[in-house]
Amino acid sequence: VGHLYLDQFPRDGKFGHQMVVPLAPSFVDGTNGQRCVPACANISNLPRPQGGKPALLRFAEMRTLFHELGHAMHCLCTTTRF
């Protein structure tokens, strides 16, 4: 389908919200008929696992994550003409 890159955890200098960034659109090359595979990145600041325990998300974080993954699905499942 395509490539989805995840940048999930906070670090110094990183902004504090979630977003999906399209990196490459999906299209069919008119000269040879090959499909260019789409790519996007989901950038977020989710809590890191600590002390050998899994990180748990609050409801608002989960809702935002699924919202952003919807944008990622749109990026990965859409094919443009150019």
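Contact is taken here as heavy atoms within 4.5 Å. The model is predicted, so that local features need pLDDT of at least 70 and side-chain atom pairs count only at pLDDT 80 or more, while totals for chains, interfaces and linings use all residues. Residues are numbered from 1 along each chain as its sequence is written, and side-chain values use heavy atoms, with hydrogens and water left out.

His3 lies in strand E1 (strands, E, at least two residues, and helices, H or I, at least four, are DSSP runs numbered from the N terminus). Not counting residues up to four places away in sequence, His3 touches Val37, Pro38, Ala39, Cys40 and Leu76. With a relative accessible area of 42%, His3 is partly exposed (buried is under 20%, exposed over 50%, partly exposed in between; 1.4 Å probe, protein chains only).

Glu61, Leu65, Glu68, Ala72, Cys75 and Leu76 of H1 are buried. These buried residues fall within an arc of 95° seen down the axis of H1, and therefore line one face of the helix (the arc is that of the directions from the helix axis to the C-beta atoms). Phe59, Arg63, Phe66, His74 and Cys77, on the other side of H1, are exposed. The cover over the buried residues of H1 includes strands E1 (3–7), E2 (19–24), E4 (35–36) and E5 (39–43).

Lys14, in the loop between E1 and E2, counts as buried at 15% relative accessibility.
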